[in-house]
Amino acid sequence: MEADYEVLSVREQLFHERVRECIISILLFATLYILCHIFLTRFKRPAEFTTVDDEDAIVNKIALELCTFTLAVALGAVLLLPFSIISNEVLLSLPRNYYIQWLNGSLIHGLWNLVFLFSNLSLIFLMPFAYFFTESEGFAGSRKGVLGRVYETVVMLVLLTLLVLGMVWVASAIVDGNKASRESLYDLWEYYLPYLYSCISFFGVLLLLVCTPLGLARMFSVTGKLLVKPRLLEDLEEQLYCSAFEEAALSRRICKKRQKASAWQRNLGYPLAMLCLLVLTGLSVLIVAIHILELLIDEAAMPRGMQGASLGQVSFSKLGSFGAIIQVILIFYLMVSSVVGFYSSPLFRSLLPRWHDTALTQIIGNCVCLLVLSSALPVFSRTLGLTRFDLLGDFGRFNWLGNFYIVFLYNAAFAGLTTLCLVKTFTAAVRAELIQAFGLDRLPLPVSSFPRAPRKTQH
């Protein structure tokens, strides 16, 4: 009798833990969904949702909700690794705290599996469905309406799925070389869909390799546009008066902006922001360089996956909680830099969303690209050695992660490209801009060795 009661108690405890994990996951995703919905409504084109034809408006609203779901998954993929690292440090610091019992390895592992599942669902089904749905008109001769457009979209999606799966089957048979893999197509969920997502993730990692160094160099100019550059030795009133004689309205707006800025913003904010960017970029290159050396001498430095999330046992940074915070900051910094580099590249510059003037098809393209980048972020961070937190769930099942040459060349390429972008950024023109920003060109000092920025001629 007592044994049955103990078994029942264990089952009740497992049931309550599973219900608690489901509630927490739903609350987290609902929060991300609301934030993404507010964000997308700021960029959508209102004319597409207030058309005379109610059918088009309904279709566009459904497609926008699918985009919101996809963007929420992308944001969840970005927060996945930082949330896991912080959770591990919290469990290390407060191992027996009653109020954080909900934070455990089972919850973290479940979140990784949900992000992987929803990423597959969004990339393979939801986003193609949203695009075909907005472009569909219904089959010729069929009854018009939303239902007819749904039928056409489903048919198009089925045909596209068969085409993609056939290509994946052929590619896996060529790469694997196993006769059984060529003859069996029944193992769709366990092999082919993860293999397809592995290819998408590998493409995302390559895209991060190109966009992140470009974004790291671009971050300096973007920050310079957002902040007020210091002019320590000049009279703002005089410059504002002189700008009245210039034809360009941009110069007058800059002068007014700098006049309204406080002394702290003018003289300290810009140098500190540039120094922080330089430190974070240099630290990223240093960590990757150390990881390259570790790859040559220690096999444990290779990225790998683990099926069980054993949190709260050991810190994943040699510097403890401080090192974990640095890891989280670097992960967010590189993700922001990759997005900046993505939209700065000539190939994807046309996708840049515009405030209240972004077409729905453009929103779909942005959501797909952001999901590809964000879902590859955990693999990207672990491959570069930015963290020791091993990949959980299906994220660690990618075959190419165990290839030493791919991982080593990837790290070397990232370090080389980032260093090249930094050297290119801090050229003589940038040094001249810094000298002019601090007013050193106005001082009666022997600064002939410094390059001087070209001065504008006043009329």
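This is a predicted model: local features need pLDDT of at least 70, side-chain atom pairs count only at pLDDT 80 or more; totals for chains, interfaces and linings use all residues.
Residues are numbered from 1 along each chain as its sequence is written, and side-chain values use heavy atoms, with hydrogens and water left out.

**Helices 2 and 3.** Helix 2 passes helix 3 in a left-handed crossing, that is, the near helix is turned anticlockwise from the far one by less than a right angle. Helices here are DSSP runs of H or I with at least four residues, numbered from the N terminus, and axes are lines fitted to C-alpha atoms over the stretch in contact, with angles from 0 to 180 degrees between N-to-C directions.

**Helices 3 and 11.** I then turned to helix 3 (residues 105-135) and helix 11, which pack at about 170° with their axes 10 Å apart. That makes helix 3 roughly antiparallel to helix 11. Among the residues that meet here are Ser119, Leu123 and Tyr131 in helix 3, and Ile364, Val368 and Leu371 in helix 11, where contact means heavy atoms within 4.5 Å.

**Helices 10 and 11.** I looked next at helix 10 (residues 321-344) and helix 11 (residues 360-375), whose axes come within 11 Å and cross at roughly 140°. Helix 10 and helix 11 are therefore oblique to each other. Met335, Val339, Phe342 and Tyr343 in helix 10 meet Asn366, Cys369, Leu370, Leu373 and Ser374 in helix 11.

**Salt bridges.** I recorded three salt bridges in the structure, each a side-chain nitrogen of Lys or Arg within 4 Å of a carboxyl oxygen of Asp or Glu. One of them joins Arg18 and Glu21 (3.9 Å, N to O); being three residues apart in helix 1 (residues 2-41), Arg18 and Glu21 are separated by about one helical turn.

Key: Helices (H or I, at least four residues) and strands (E, at least two) are DSSP runs, numbered from the N terminus. Angles under 35 degrees count as roughly parallel, over 145 as roughly antiparallel, 65 to 115 as roughly perpendicular and the rest as oblique.
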